[in-house]
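Hello,

Here is the structure we talked about passing on. My notes on it follow below.

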Amino acid sequence: MPDVDAVVAAIGGGGLLSGVACAIKNLNPNIKVYGVQAEGAPSMVESIKAGKPVHLDKVSTIADGIQVKEPGEHTFEYIKKYVDDIVTVSDDEIASAILALIESQKMVAEGAGAAPLAAVMFNKLPVKGKKIVCIVSGGNIDVTILNRVIKRGLIRSGRQQTLCIELQDKPGQLVAVSKIIADLGANVISVHHERAGEGTDVTAAYLRIVLETRNFDHVQHISDALTGAGFKLV
């Protein structure tokens with residue numbers, strides 16, 4: 001691909017990006033090379049700032065493939081020499097990138113593999129309108145974590161939403177709420193109804209309802225319709 005503008009890769013210890021950056025800059029120094037780390041494990045970012053390899057006391061991220069406390073001594077030197085910039089992404093952004101790969105490419109990526117795409121998706125790099133290669137470097141993700149990641153991604157994209165509604169504890173309230181939600185095309189996943197506790201009206205009740213929605217505009221439309229009908233969102 002001779003017309004590539006930039007290549008983006010994840011950084012743990014720095015081995016992958018060191019090799020990629022060294023090769024690319026020797027083939028074509030005009031191609032930008034960017035590194036991506038998780039916000040919870042920014043060892044290379046901190047090392048570049050300090051001018052020497054830095055050891056972090058604690059790291060925490062769903063991207064366990066790049067959950068590294070200290071970069072390699074040699075990889076640090078290569079990255080300092082050849083890489084144009086390094087950015088960080090949050091676990092929520094990584095989760096969204098994993099979900100995007102599943103939906104658009106039918107590809108299951110681990111957190112470290114999806115981190116480069118997360119950096120591009122969430123505008124962490126100056127690459128808009130350019131031809132970019134994101135290196136998706138692994139698919140070794142635990143099924144339990146994948147399930148959580150998918151749920152998190154749905155919430156972040158507005159396709160799953162939990163609403164808590166304060167109701168008057170009288171017949172017909174649940175029916176009225178359900179009709180508004182159904183008329184607006186949302187799907188109910190679960191419903192929990194309970195009497196209000198201390199500090200609230202004695203006749204009040206709470207309805208906690210989990211919905212499948214299209215996007216944040218759809219969620220807002222439903223919220224506006226409920227408040228417009230006199231219901232109080234908590």
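Which residue in strand 7 does Gln168 stand opposite? Gln168 stands opposite Ala204. This is a predicted model, in which local features need pLDDT of at least 70 and side-chain atom pairs count only at pLDDT 80 or more, while totals for chains, interfaces and linings use all residues. Residues are numbered from 1 along each chain as its sequence is written, and side-chain values use heavy atoms, without hydrogens and water.

The sheet: strands (E, at least two residues) and helices (H or I, at least four) are DSSP runs, numbered from the N terminus. Two strands pair if DSSP finds at least two bridges between them. Four strands form an open sheet in the order 6-7-5-8, with antiparallel pairing. Its edge strands, strand 6 (187–195) and strand 8 (232–233), each pair on one side only. Strand 5 (residues 160–168) pairs with strand 7 (residues 204–212) over nine bridges, in the antiparallel sense.

The helices: helix 4 (residues 91–105) packs against helix 5 (residues 111–121) at an angle of about 100°, with the axes 8 Å apart. Axes are lines fitted to C-alpha atoms, for helices over the stretch in contact (heavy atoms within 4.5 Å), and angles run from 0 to 180 degrees between N-to-C directions. The two helices are therefore roughly perpendicular (65 to 115 degrees).

The cysteines: there are zero disulfides (pairs of cysteine sulfur atoms within 2.5 Å). Cys164 is buried, at 12% relative accessible area, and Cys134 is partly exposed, at 24%. Buried means under 20%, exposed over 50% and partly exposed in between, with a 1.4 Å probe and protein chains only.

Regards

How values were computed:
Angles under 35 degrees count as roughly parallel, over 145 as roughly antiparallel, 65 to 115 as roughly perpendicular and the rest as oblique.
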